[in-house]
Amino acid sequence: MVKRLRSLSPWCQRRVELCTKAGVKVRMVTGDNLQTARAIALECGILTPNDKLLLMQALRKGGKVVAVTGDGTNDAPALHEV
């Protein structure tokens, strides 16, 4: 479980989306621990559906139990894997 003390700015995901559409590759560099960084990247839209799938596969390969939720067709690759 990941708990963050502060929430992201409400415009974060929209800004990432605009940059991506403009051809800018958005990357995140952070000093947060890996789980927090992943949660933030997912919330901002920095991780792609394929990234989600790869992340899920890596966690399962490492012996972790993984649950995946999604609300759109972009989540289909990871949902299909489960």
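The mean pLDDT of this predicted model (pLDDT being the predictor's confidence in each residue, from 0 to 100) is 77, and 79% of the residues reach 70 or more. Confidence is highest in helix 1, at 88, and lowest in helix 4 (residues 76-81), at a mean of 72. Helices are DSSP runs (H or I, at least four residues), numbered from the N terminus. Local features need pLDDT of at least 70, and side-chain atom pairs count only at 80 or more, whereas totals for chains, interfaces and linings use all residues. Residues are numbered from 1 along each chain as its sequence is written, and side-chain values use heavy atoms, without hydrogens and water.

The structure holds one disulfide, defined as a pair of cysteine sulfur atoms within 2.5 Å. Cys12 is joined to Cys44, with an S to S distance of 2.4 Å. The pair links distant parts of the chain, 32 residues apart: Cys12 lies in helix 1 and Cys44 in helix 2. The torsion about the S-S bond is about 105°, so the disulfide is right-handed.

Accessibility was classed as buried (under 20% relative accessible area), exposed (over 50%) or partly exposed (in between), with a 1.4 Å probe and protein chains only. Cys12 is buried at 15%, and Cys44 is buried at 4%. Cys19 is in no disulfide; the nearest cysteine sulfur, that of Cys12, is 9.9 Å away. Cys19 is partly exposed, at 31%.

In helix 2 (residues 34-44), the buried residues are Thr36, Ala37, Ile40, Ala41 and Cys44. On the other side of helix 2, Leu34 and Gln35 are exposed. Gly45 follows helix 2, with a positive phi near 85°.

Conventions. Helix = DSSP H or I, 4+ residues; strand = E, 2+ residues; numbered from the N terminus.
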